[in-house]
Amino acid sequence: MDWYMMNCELLATCSALGYLEGDVYHREPDCLESVKDLIRYLRHEDETRDVRQQLGAAQILQNDLLPILVQYSQDKVLFDAIVRLMVNLTQPALLCFGKVPADAASRHHFLQVLSYLQAYKEAFASEKVFVVLSEKLYDLLQLDWEQRQEEDTLLIERILLLLRNVLHVPPDPTEEQGVDGDASVHDRVLWALHISGMDDLLKFLASAQVEQQWALHVLEIISLMFRDQNPEELAALGQGPAGAEHGEDTRELETLRQRELAEKRARALQRPSRHSRFGGSYVLQGLKSIGDRDVVFHKGLHNLKSYSHDLGKEPQRVPRRRQAAPESEPSRRSARNVRLFLRHFCQDFLEGCYNRLMLLVKDQLVREKAQQHDETYYLWATAFFMAFNRRRGFRPELVSETVSVRAFHFIEQNLTKYYEMALMDKKEATTWARRMHLALKAYQELLRTVQEMDRSPEQAVRDSSQVIKSNIFYLMEYRELFLTLFRKFDETKQPRSFLRDLVETAHLFLRMLERFCRGRASLVVQSKRVRRKKKPRAPTALAPPPPSTAELEELWAGLAPQLQACLEGEVPLPEDVVPFDAASETPVEEQRAEALLRIQGCLRRSQVPQALRLLRSARDVWPEGDVFGAADAGPPEETRLLREILVAPLPRNAPPEPEEPEDEEEEDEEEEEETVQVSEKEFNFLDYLKRFACAPVVRALVLLLRGYARNSPRTNHCAARLLHRLARDLRMEPLLFQLSLFALFHRLLSDPAAGAHQELVALAKFILGKFFALAATNKKAFVELLFWKNPTAVYEMTKGYGSLQEGEGAPRSRVPPWTPQEEQELRELYWKYKEVEGEDVIAAILAHLPTPGRTRRQVVKQLVRMGLASSARDFPRERKGTRIVLWTQEQEEELTRLFEEFQGSDDVLGNIMKHLTARRSRARVVEKLLGLGLVSERKELYKKRRRKSHGHGPGTAAAGVPAVPAQDSSAEDEDSEEEEDEEEEEDEVEEGPMEENWAPEEGAGQGLAQRLHQEGLAGPLRWLENCLRRAGGDFEEDGVSHPVPLVPLTEENEDAMEDRRFQSLLRQLGLRPPASEQESFWRIPAALTPQQLRRAAASVAHHGPDPSGSPRDLPEPPQCPRDPGPGEGPGWGCGTPTSGDGPEPLSLCPSAEQLPAELGSDSESEEPVPVPVPSPVQSGTKRRRELDSEDEDGGSSGPGLAPAAPCSEEDEEDEDPQPRGRRKRVRCLEEEEEEEEEG
C-alpha cells in the first residue's frame, strides 16, 4: 500500500485543520473537531498502524500540529487536544507493536513507523516549541494544590510524556555519521530544552515536596537526556587546560600511528633488496595438498608466512542462534556547549535533588507503585550520578541515599532476579541480559564509591566504609555473585561489554576483599548450606497378635443372638456386598481365599449381617466343593460354617513394605526435604580464590582478551590480573595451558604494537615458559592443550596421572577405579545375563564379578557410564514384600531355637540372621521375635558394646566405637553411596543404647580420655570433668534431676564438641546428643545419678600414666560444693540455674575451663587459675557457630588432601558430613543386611 495515498476520510480530516502560509498558520473553524477525529482514528487503527503511517507520510505533525501548538497556545482546549494527539503520535514503536516483529512484513511496518518518529524528533529540535511547552508547564506548576484541577494534572503528565517520547526516539545511524563533537539531532533537542528553561523545571519537579508523584517521570526523562554521555568524561570536562580534554584522543592517535609505523618496518624487512627475476613456484615439503602430493606455492617466499589452506574459501556462515550478542549503541561525544550544560545540570541535580528523588523512587519501587521494569531507571541513575560524583571531587554526602547496605541488597536482588529470568525466559534472554548489565554497572559503581570512601581524609567516612564492607563481605550471596555470573556467561545472549564490566567488577571486588582480609588476623563470614534430608517414613504397623481360643469362644457367645436374629429375618442384610470382582487381575482362587478372610474379619468386628451376606454371596459364586456350604444349606449349617470360619487360623498376608527409593535423584525429590543451614566460619582468601579456578572463568577471560587491541588499558589490566592470580597465587599455571589462549599469545607477541600491552606480554612469556618446562617432563602436555582443565587435571598434570587415587588423595574416596580389564568383564557379564528371564541382572553380575567389594550402586553407575544402560531406572530393585512373608511352624521353632542359643551373645540379631535357613529381612525377623514374645522391645536386639580395660593404641578405638583414622576422619564421607541404602534401617534403631535410661559402666571412656589428653585436648577434658561434677552436686542438692545442656563458651571447647573422638567419649560416658532439631547442645541425662556422674568425671580426669589402665583403685572424688566459689556469679557455675520458667538450664563453665590439671575437685576457697593449654590438634580447625536450630555434625578434616586440589572451605561444605554416632553403632548390622539384599 502506498502510504502517500491517504484515505479519503483521513485526508478530509487533515484538510480541515488549516493551512500554513509562510510562517503563519491559519486554522479552520473545525480545527478542534478535526484533532479529536484524528485521535479517534488512531484509537481504531489496525495491527499495521496504518493511520499512524499515513499521518507520518503526510507530515501532519511538522506542517500542522507544531504550528498550531506554537501560535494558538492560549486556546486551552485546543492546546490540550494537540498535546494529546502528539503524545499518541510520538509514542515509541515498541509500545505500538509490543516487540520487534519477527516476520518481514511486520518488521517493515515497524521500521517505517520508526523512521517517522525520527522525523518528528528533528521537528521538535526547535526553541519555539520548547518555549511554549515550558511556559505552559511553568504556569501549571504555579497553581497551588487546592487550585489545580484534574485537567491541569493530566496536562502536566501529558507534557512530561511528550518530552519523554521525543527524547526516547533512537538516532538514525544512516543520517548521523558525523564525528565526535558535532551536534546531533539529540543534541539539538537538548539545547532547545535548555534554552527554554525546561531543565530548571525538571529540577524543580525532582526537589519539590508537593510534586512527589512525578518522581519516576522525571527520572526517566533525565536518563534519556544523558543516554549518550559518559559520566567520567562529563565530570572531567573543564578541569585543567583545554588541551587536556583531547588527551585521550591524542593517545589513541599515537597508538594507531605506532602500529602503522611498525607494520611498515615489518613489510620493509620482508621485502628483498633486489627484485627477484623468478616469479616463483615452490614445493612445500611435508605439507600435503588435497591429494597425496606436496603443496605447490605460486607466490614469492615473502608471502609464505601468510599461506593457509583456508585461502579462497568462503567463510562458514554462523547460525543466528550462535552469533555473538550485538553491542549496545556506542556512546558518542556531544557538542561542547551541550556537554557543559549537562555537566552543570548534573552538579545542580546532585546537590539539590539526587538523594530525595532516589528515596522517592526507591519507595515507589518497593511498594510496587511503579510500572514493570521501572527499576532499570533507578539502576542507571545510581551508576551514572555516583560515577559523576566520584570523578568530580567526590562528596559522599551528595550520594548518601544510595551508599548503604540496603542499596547493595536491592541491586543484588535485582541482579539475581534478572539472571534467573534470563535462564527461564529463553526468548527474552537478550532483554534480561541488558537489564542485568544495568544492575552490574550499578553494583560496580557502588564498590568504587566504597573504595573511594576508604581514601577520604575524614575518619567518619572511612568508618562508614568499613561497616559497609564488613556487611558485604560477611554475606555469602555477595561473594558467590561473581562466580555465578562467570559460570553462566553466554556470549550469544550477553554482549562483550557485559563481560568487560563483569571482569572489572570482579577484579575490584577481589582486590577490596584481599585488602580487607590483610588487615585482620581472622575474618568470620557467613556460610549457607542446603541440606537435603529424607523425610522420615511412617513406621510399619505391626500386625496384631491373633486372638486366643478362649477369646474367640467368648466372642462367638456374644455373636450368637445377633446371628439368630439375622437368620430369622429380623435384621435386614445389606445388598451392596460383593465377594467377587470380575475386573480384578487377582486370580479367582485368590479371591476365594480373600472372601474367607473378609468373612472372618466381619465376624471378629461383630459385623454379623455383612458376614452372613458374604457367606451366601460367595456360595453362589463358588458352589463347587461346598467350601461355603451346600446350595440348600439351612440356618444350622450356616451357623456351623460361620463358627468354623471365625476360629480357623487362616493365613494372612502381611502388608507390603514401602518400596525402596530408586537410585535416581529425580525420584528422591518427592521424599526429600531441604533445609538451609546458616553457620559462621573463618574466611580464607586463597580458598575463595580457588573457586575461580574453573574452565568457565578462564574461558570468559580468554574471550575478553581476544579483543585486547580494542579494550581499554584498564580492561586488559583487570583480565591479566585475574589470570595472574589463578596462575601465580594459586600455583595453577597448567590451568592456562589451552590452545586458544596460546593462539592469542602468538598473535600478541607477533603484533607490531605489542609495546603498548607490556602486562599481557609479560603474562604470555611467563605462561609459555611454564608450559615448556612442564612439557619437558610430561609429553602429554601438548595433548592437554586441546582441553579446558579443572584443578584435578592440573594436579595430575604436575604430580602424575592417577596420583589422586594412589597418593595423598586416596583417603577421600574408597571406591576403586574401574580398570579396562574390569570394564571388559563387566561388559561380557552384562550381555550374558541381560536376556535371562526372571533373574536380576545386577545380582547375577555381582555374583560372577571377579573383583570383590563392588556394590550394586557402583555396578549400575558404571553400566550407565559405559553406555550399556540409559539410566539406573533400567535396573529396578526387587521390591520388599514380594518374598515369603508367612512363617511356617518349623521356621518359628527354628527362630525360637536360634534366639535361645544366641541370647547371651553380643550380637543376637546378627547371629540369628547368619544361621537362619530362610532368607528374610531384619525387619521381618524383629517383628516375628516381638510377635512370639521372645523380646519385649527392639533395643534388646541391639549389638552390645564391650568395654576394654586396657588403653588403646593410636590405631584402635574405644570400647564399642569404630576406629577413626587420626589423619582424616572425614574419609568415610565418600561412602555415602552405601549409607544412603542404610537410612531406612536407621529409623528403626533410632532409640538405641543412647537413651536417657542407659547408664555408663564404671571406668567407661578412660582409655579414650587418656588418648585425647595426650593429643592436646586437656582443656576441654577438664571443662567436661568439672561440668559433670557440678551437675552431680546439683542433682544431689536439688533432689530432682533434669537434663543439663553442655554449652561451650570458648573456641577451644567449641572445636572439641565438634570432634568425633570427643563425641565418642561423651557417648561412652552416657551423655545424650541433640535429640531433635529443637536442640543444639549435648545434654547430661536426668537418669544419671550423682554417683554415676562422679565416676564419669573420675574417668575423664587425668592422673598421669597408669600401666594398668584401670580406674577401680582411684579414690572417690570429693563432693561438689553447694555454693559457687569466689568470683563466680549466678549462672556461671556448672549447676542448673533455677530461674523459674526458663526453657532449659544451661551449663556455663568458663571458670571450670581454666582449672589446672592437678586439681581433682572444686573447693570454695580455690581461685580459678588460668593455665594456657596448647592445642596443636585444633590449630587448623575452623571456628563455626551454628545460627540455626538444626544441629550439624561438621567433622574435622585432616591434612590428607592433595595440596594442588583447590577444594575450598565452601566446596567442602557441600559434601555430606560424617554420619552421626548412631550410624556408627549399627554400621555392622546394616552392612550385613546390605550384603544380603544385594546378594
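Buried means under 20% relative accessible area, exposed means over 50%, and partly exposed lies in between, with a 1.4 Å probe and protein chains only. The structure is a predicted model, in which local features need pLDDT of at least 70 and side-chain atom pairs count only at pLDDT 80 or more, while totals for chains, interfaces and linings use all residues. Residues are numbered from 1 along each chain as its sequence is written, and side-chain values use heavy atoms, with hydrogens and water left out.

**Salt bridges**

Side chains of opposite charge can pair when their charged atoms come close. A salt bridge here is a side-chain nitrogen of Lys or Arg within 4 Å of a carboxyl oxygen of Asp or Glu. By this rule the model has 38 salt bridges. The table gives some of them.

| Salt bridge | N to O distance |
|---|---|
| Arg40 and Asp37 | 2.5 Å |
| Arg158 and Asp80 | 2.9 Å |
| Glu232 and Arg448 | 3.4 Å |

Helices (H or I, at least four residues) and strands (E, at least two) are DSSP runs, numbered from the N terminus. The salt bridge between Arg158 and Asp80 joins helix 9 (residues 150–168), which holds Arg158, to helix 5 (residues 76–89), which holds Asp80, so the pair ties together parts that are 78 residues apart in sequence.

Arg40 and Asp37 are both in helix 2 (residues 31–43), three residues apart, and so are separated by about one helical turn. An α-helix has 3.6 residues a turn, so residues three or four places apart point the same way. Arg40 is partly exposed at 40% relative accessibility, and Asp37 is also partly exposed, at 23%.

Glu232 pairs with Arg448 in a salt bridge. Glu232 lies in helix 13 (residues 231–236) and Arg448 in helix 19 (residues 429–454), so this pair ties together parts that are 216 residues apart in sequence. Glu232 is partly exposed, with a relative accessible area of 30%, whereas Arg448 is buried at 13%. Through shared partners, salt bridges join Glu232 and Arg448 with Arg390, Glu445 and Glu504 in one network.

**Helix 3**

Helix 3 (residues 50–57) has eight of its eight residues buried, so it is largely enclosed by the rest of the structure. Its buried residues are Asp50, Val51, Arg52, Gln53, Gln54, Leu55, Gly56 and Ala57. The cover over them includes helix 1 (8–15), helix 2, helix 4 (60–71), helix 5, helix 6 (93–97) and helix 7 (104–124), where contact means heavy atoms within 4.5 Å.
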